[in-house]
Amino acid sequence: MSVPTGPRIITSRFDVADGHTYAGYVRTGGYASLRKAVSSMTPQQVHDEVKAAEIQGRGGAGFPAGTKWGFLPAGVHPRYLVINGDESEPGTYKDRLLMERDPHQLIEGIVIACYALNAAQAFLYVRGEMAHAQERLAQALNDAYANNMVGKNICGSNFSVDITLTWGAGAYIVGEETALIESLEGERGMPRLKPPFFPAVKGLYMQPTIVNNVETLANVPYIVGRGGGDFKAIGAPTSTGMRMFAVSGHVNTPGVFEVPNGVTTFRMLFEAPEYCGGIRNGGSIKAFIPGGASAMWFFPEHLDMALDKPTVDKAGSMLGSGAIVAMDQTTDMVAACWRIVRFFARESCGKCTPCREGTTWLERVLKRILDGHGRPEDIDLLFEVSESISPGIAWPPRQTTICPLGPSAVSPIASAVRRFRHEFEHYIEHGRPIDGVESPFATHLASHA
Amino acid sequence: MSRLTDERVATAREIIGRFPRKKSALIPLLHLAQEQDGYVAQDAMVHIAELLELAPAEVYGTASFYEMFKFHPVGKYCINICTNISCQLVGAWNLLHHAEERLGIKSGGTTDDGMFTIEDVECIAACTEAPALQVNYRYRYKVTPESFDALITELESGKLTDEVPPHGTLASVRQTTTQAWSNRGVQEQAQVDAR
């Protein structure tokens, strides 16, 4: 199987032993794009390159970053750039690598973005649990300040910007941009209602704010250095550039790969020797998650689909945060479904009743099915509660809640019950999984959790 | 236990200075308190309230939302075992079960000697290295029962003291830069006009 190839853009220093240091970064071409931007480009020209690149945000929603930058109202200051490094969507593992292995690349992207946005203050919000990323970024930031890449009169220009590094304390919901802003203000991380609180207009401290994902900004030095057109020429016209995907679960060699966007297929990621080298024990795919725990699941018939945003959207799911989880034929789908639902039940912030109550109900019903106490009416009950959180149980999901967390808990249920209903019915009738699947609780009863 | 030490108050003031509004420093200051005592003590929250000109209830109101903050002493080493989907698929529950047997406690519990706490946690962004755990937020990948036992032995013998500081300490490096400029709105506008 031959796979499409492309340049390593944001992972290019992962094999450089000192790539995370200031010296290593500069030696490998780092900060050249920033110098170029502040010495020979106007903020509008920088913005135009990012627009021309047509880079889709890498945080989950996939909104074009150049378009988002254009939403800032003219002439309103101060304005802020907030960097979302709160990576916690189950299955997602790439922003942490970018922060640990190449912190200066992110910092360079942040400063260039601030230049384009005419912002003088950025807040870099890292997930609380990522101690190593925090210290790598702290060191990099101190070194970047010392070398005049951040701070006053950057590279001798009249452009100045400060970056404040801070981190959270354990809350998935803070990955939602308005919840992140609340957390940055020292509040409980609960999402704000949109409208009126669209961050670009009323964000941090009620000032215009752009919130960008780590991977999105890590691409900016390349885009500015090489030109947006060069970036757009990689991958598919509808999903440009290179993109990082973490492939985990039942594959021979799980890994994080930077692949040409929009043209690589799921099958290539699972089977090609360059990537995951096949399903474990020579098995086959029963289902897979194409874009994080919030996504609808895909099945063997989707294997040859390209990782292209509009294609995946149209098929009823999403590429989300680039988190692909493979489940082979031995997977207990009831247990898999329960585990993801339990995540959302635990992480619901409690602000909206349908989510707070609904996700908890869903988790309890699935739990009793797993424990052998399922009732014949439980499958209908799962759908009824799901309806209350996400009317129509469709894709893209509708929501009775402020943010998409609640509806995300519906995705695994809609996916697993519709496709593997017999597995749920068997559990309800016999109190155990169907023959041929392995309970993940072989020596450890689910009742514990 | 205690209010923040003078040294930590100095650090707290530096952190406060990096934000346009004081309350934004609340979560970083709670981390400072947890670093000092291993958990967030009540007196420390009162002290933080004074530093930020907040009511103690506002401090606790925010603190209690976030999973990492502990309000009672926990083990010197908190071992967080991920059981989310990617880890569940490759044996996380067996690993948790083994950990519970090895340490003689249940998830959420602390050993009598105050050395270890174990928790079953949500995704820690190490999905391709499953099953994964963190000890005081330092990663261990592809953990087996054998490597778990070896980790416990190493922690008990003090071999990992440098790599794994006691619970509460996150980054070993802090941002030390002070803000290059203040009165941002006005200067920012001037900067834009100058271009």
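Me: Which domains does the assignment give for chain B?
Reply: Domain 1 covers 6-71 and domain 2 covers 77-157; the bounds come from an automatic or database domain assignment. This is a predicted model, where local features need pLDDT of at least 70, side-chain atom pairs count only at pLDDT 80 or more, and totals for chains, interfaces and linings use all residues. Residues are numbered from 1 along each chain as its sequence is written, with chains lettered from A and ligands numbered from 1 in the order in which they are written.

Me: How far apart are the C-alpha centres of those two domains of chain B?
Reply: They lie 28 Å apart.

Me: What about H16 and H17 of chain A, at what angle do they cross?
Reply: Roughly 170 degrees, and their axes come within 10 Å. Axes are lines fitted to C-alpha atoms, for helices over the stretch in contact, and angles run from 0 to 180 degrees between N-to-C directions. H16(A) and H17(A) are therefore roughly antiparallel (angles over 145 degrees).

Me: Which residues of H16(A) make that contact?
Reply: A:Asp378, A:Ile379, A:Leu382, A:Ser386 and A:Ile389.

How values were computed: Helix = DSSP H or I, 4+ residues; strand = E, 2+ residues; numbered from the N terminus. Parallel < 35°, antiparallel > 145°, perpendicular 65-115°, else oblique. Contact = placed C-beta atoms within 7 Å.
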